[in-house]
Structures are given as structure tokens and as C-alpha cells.
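Welcome, and please open the structure in your viewer. We will go from one selection to the next and look at what is there.

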There are 2 protein chains.
Amino acid sequence: MAGRQKIYNEDAALNAAIDVFWQQGYEKASSRDLQKAMGIGFSSFYLAYKGGKQELFAKSMQRFFTLYPQPFLNLLKTVDNPVEAIRQYYYVMTEPNGKFSQFGCYFSNTIFQADENEFKEAAVKNLVVIADAFYDALLRAKNAGTINPTIPTELWKTYLLNLWTGLNTTKSIEKDQSILRATIDFSLKVFG
Amino acid sequence: MAGRQKIYNEDAALNAAIDVFWQQGYEKASSRDLQKAMGIGFSSFYLAYKGGKQELFAKSMQRFFTLYPQPFLNLLKTVDNPVEAIRQYYYVMTEPNGKFSQFGCYFSNTIFQADENEFKEAAVKNLVVIADAFYDALLRAKNAGTINPTIPTELWKTYLLNLWTGLNTTKSIEKDQSILRATIDFSLKVFG
DNA sequence: CTCAAACTGTATCGATTGATACATTATTAT
DNA sequence: ATAATAATGTATCAATCGATACAGTTTGAG
């Protein structure tokens with residue numbers, strides 16, 4: 001293998017692309033915006049991502065999952081009190097200067113903005129994986145007697161997804177952090 | 001006043017524009033899409049809406065409120081059981097072939113997609129008006145002893161908004177209508 | 001009958017979009 | 001050294017965006 005060395009860092013460039021997509025969404029994030037943020041030229045951009053913006057977005061969403069939800073899902077496998085862990089996870093949507101409260105949920109945004117394409121499907125799949133992990137952790141706690149849910153088991157995933165994706169929009173309407181957190185707290189009471 | 005007569009119907013044209021914006025959102029709805037759907041030429045378009053797409057969208061959102069939420073809010077003032085009325089309103093998000101389940105909530109979509117501009121602000125305002133009406137009807141029922149809510153009064157609006165805006169995304173993840181409706185039913189139980 | 005007012009159809013504007021072309025520079029294997 | 005390979009920088013492509021120009025058509029007031 002011969003050839004000139006990369007002048008940019010691949011990981012740093014992809015992380016920069018994540019933030020651009022996260023903030024602007026797939027459509028609004030222009031190739032020029034992305035290149036600028038990634039510190040990369042046009043040629044290098046299309047050399048590294050032959051599929052262009054589409055390929056970059058797909059890899060960006062994969063990396064996003066690895067960076068943010070994945071560590072939490074791993075943690076969730078070990079905790080005794082999954083409701084408290086989920087509460088803290090949901091609280092990030094209420095942190096005034098955090099990326100989640102500012103940019104929203106990467107997957108919900110994608111589901112919302114994308115056409116009926118592969119991205120929408122992938123974003124749904126990511127959220128379902130998260131909901132599945134929530135379900136498993138809660139079921140373990142229930143079986144262990146740690147929690148005593150009043151909500152039927154078959155509604156757990158949809159209820160939790162709806163709370164999460166709702167916050168993604170509600171945070172733009174209700175700016176009072178204490179009200180948002182109280183709503184999260186109240187909604188999670190059904191898990192005991 | 002002299003002059004040629006309009007060849008198109010203004011109300012029908014605006015209604016057509018609503019559906020285009022509803023389905024595609026402000027950004028993706030191109031001026032050509034709109035003209036085509038409205039059955040109108042470029043000249044007439046910019047003659048009728050000197051502010052272009054922006055002005056058309058503003059009037060479209062106003063008309064949308066008049067067409068859809070307003071009649072329900074009027075009904076809500078008269079019903080004895082507001083919880084049941086709200087349930088039916090939320091159910092429209094689960095109707096497989098309805099515009100709401102297909103296109104989502106006009107206002108939530110706008111809040112989601114718009115930049116920090118006048119549209120976002122107007123969409124938030126519309127949702128707040130709806131939440132206020134929900135609140136008033138529920139408070140009347142509580143004072144009349146018809147319902148016995150377990151949720152603190154100060155969380156009513158945010159809780160109901162979050163349920164509604166959540167459905168706007170959750171409907172794309174959970175396709176089973178019975179699960180969606182059961183989640184709505186369970187969530188509304190807190191109002192007694 | 002005339003003429004200004006109002007509406008319409010088509011052609012096109014400059015800006016921006018995602019994506020390529022192509023020459024240049026840097027690196028390594030032989 | 002030289003050829004092959006890889007990365008870069010700039011210029012530009014066709015398509016589409018919102019918006020406008022401008023000539024043509026229909027109408028009613030005088």
C-alpha cells in the first residue's frame with residue numbers, strides 16, 4: 001500500500017458529522033456544511049464516503065448509537081433500580097445546555113424528517129433496541145420484586161417510547177425544567 | 001374595480017396548500033409543488049401571496065387551526081366528560097388511513113422542522129391554546145365532581161401535550177393500533 | 001369603445017443543492 | 001529513481017430552489 005497520508009482524523013471527522021446531522025437533520029445538513037465541520041475537502045469527502053451524504057449519514061447514525069445509548073444500555077444491565085436509571089436518562093432531555101435538549105433525539109428527529117427510506121427504518125430499529133433493553137431491565141426488576149408496576153407489561157415499550165419521543169417536542173413548548181422533570185417523574189410512577 | 005376574474009377558488013387553493021405543507025413540511029414543500037396542488041400559476045401565486053411561501057404557510061397554519069382543532073375545542077366546552085372527548089381526539093392519531101396518522105400533527109411537525117423562526121413560535125402558541133382548552137374543560141369536570149384526577153393540576157398541560165406529541169412519533173414505531181389505543185387509554189386514566 | 005385594473009402563462013433569474021472532473025501533491029514498494 | 005497508489009484543492013456540473021420579469025388576456029368603469 002502506497003499513497004499520501006490522510007491529513008484529517010477519521011474518527012474526529014465522523015464525530016463532527018454527527019453533530020451537524022444531529023443539529024440540522026439529514027436534508028438540511030448540506031455537503032458543504034459537513035465538509036467544513038469535518039475539516040475535509042470535497043475530494044477527500046467523496047473518496048472516504050463514496051456513497052456521499054447517504055453513506056455518511058448511515059455511518060453517523062451507527063456511531064451515534066455507539067457513543068450515546070450503548071453505554072447506557074450496558075449500564076442498565078447491571079443496575080438494581082432500572083426506573084431510577086431511566087429517569088436519569090430521560091432527564092438529559094431537560095438539561096438546558098445539553099446536546100439532547102438542544103438538538104433533540106437523533107433517532108426521533110430522523111423518523112420525523114426522513115421520507116419512507118432506509119434511514120427512517122434504521123432509526124426506528126435503534127429506538128426499538130433501546131425500548132427492548134428498557135423492557136428487559138424492568139422485567140428483571142419486577143421478577144426480583146424490586147418494582148411493582150401498575151402498567152400492563154404489553155404497554156411498557158410503547159409507553160416509554162411515547163414519553164421519550166414526546167419530550168423531544170414538549171421540551172420546545174414547556175421550557176420550565178422543573179415541570180418537565182415532574183412530568184417525567186409522574187409518568188414513571190406507573191413502574192412502581 | 002376592474003380586472004379579470006380569478007380562475008381559481010381561493011379557499012380551495014388554500015386548503016390544497018394546507019395538505020401539501022401538512023404532508024411535506026415547510027421546507028420540503030416547494031413553491032412548484034404548492035402551485036401545482038393549488039391549481040394556480042406562478043404569477044397568480046405571487047400576486048395572491050406577495051410574501052411568497054412564508055405568507056402562504058402562515059395563512060395555511062391559521063386555516064388549519066380553524067378547520068381541525070377549533071371545532072373540537074368548541075365541542076369541548078359543552079361536553080360533560082372531557083376525558084372521553086380527549087380520548088377520541090387522540091384516537092385520530094391511530095386511524096390507519098387518516099391524515100393525522102399519515103401526516104402527523106401539523107403543529108408538532110412545524111415545531112420539529114422549523115428553525116427558530118416565527119413559524120415555530122406560532123405552532124407552539126397553537127398547541128398551548130389547545131392545551132389550555134383541555135385544561136379548562138378538565139378543571140370544570142373536576143370541580144363538578146365528574147372526574148377525580150390523580151395527576152397534579154400543574155402537570156396536566158405538559159402531560160397531555162407530551163402524550164399527544166409523543167404519539168406523533170410513536171405512531172411510526174408502533175404500528176399496532178390496539179397497542180397505541182391501549183397506551184392512550186392507560187395514560188388518560190390519571191384523569192380519573 | 002377605450003383604457004386602466006386585475007389575473008394568467010411562460011421564460012428565466014441568481015443562489016444553492018449533491019456530486020464529479022482533473023490536475024497536483026505526497027507516500028511507499030520495487 | 002521510478003512507477004504505482006492514495007489523498008488533496010479547485011473548478012464546475014446539472015438540477016432544483018424561491019422568486020421575478022414581462023407580455024398577454026380578461027374584465028368593468030367612464
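How many nonpolar, polar and charged residues does the surface near DNA strand D have? Select that surface and you will find 11 nonpolar, 10 polar and six charged residues. Here Ala, Val, Leu, Ile, Met, Phe, Trp, Tyr, Cys and Pro count as nonpolar, Asp, Glu, Lys and Arg as charged, and the others, Gly among them, as polar.

A word on what you are viewing: this is a predicted model, in which local features need pLDDT of at least 70 and side-chain atom pairs count only at pLDDT 80 or more, while totals for chains, interfaces and linings use all residues. Residues are numbered from 1 along each chain as its sequence is written, chains are lettered from A and ligands numbered from 1 in the order in which they are written, and side-chain values use heavy atoms, with hydrogens and water left out.

**Stop one: DNA strand D**

Stay with DNA strand D, which 27 residues surround; a residue is near a strand if one of its heavy atoms lies within 4 Å of it. Highlight the closest ones: Ile7(A), Ser43(A), Ser44(A), Ser31(B) and Lys53(B).

Now show the backbone of Gly3(A), where a polar atom is 3.2 Å from a base oxygen of DNA strand D. For Ala2(A), a backbone N or O atom lies 3.3 Å from a sugar or linking oxygen of DNA strand D.

Next, colour α3 (42-48) of chain A, which gives the largest share of the surface near DNA strand D, four residues. Helices are DSSP runs (H or I, at least four residues), numbered from the N terminus.

**Stop two: the two domains of chain A**

Colour residues 10-60 of chain A as domain 1 and 68-191 as domain 2; these bounds come from an automatic or database domain assignment. Their C-alpha centres lie 27 Å apart. Where they meet, 12 residues of domain 1 are in contact with 13 residues of domain 2, contact meaning heavy atoms within 4.5 Å.

The term means a side-chain nitrogen of Lys or Arg within 4 Å of a carboxyl oxygen of Asp or Glu. By this rule there are 12 salt bridges over all chains. Asp19(A) lies in helix α1 and Lys99(A) in helix α7 (residues 99-103), so the pair ties together parts of chain A that are 80 residues apart in sequence.

**Stop three: chain A against chain B**

Finally, select both chains where they touch: the contact takes 38 residues from chain A and 38 residues from chain B. Together they bury about 3,100 Å², 69% of it on carbon and sulfur atoms; buried area is the accessible area (1.4 Å probe) that two parts lose on being put together, summed over both. Show Phe112(A), Ile173(A) and Phe186(A), which supply 23% of the area that chain A buries against chain B, more than any other three residues.

How many salt bridges are there between chain A and chain B? The count is zero. To end the tour, colour the helices on chain A's side, among them α8 (106-113), α9 (118-144) and α11 (177-188). α10(A) gives the most to this side, with 11 residues.

Methods: Polar contact = N/O pair within 3.5 Å; in protein donor to acceptor, adjacent residues only side chain to side chain. Helix = DSSP H or I, 4+ residues; strand = E, 2+ residues; numbered from the N terminus.
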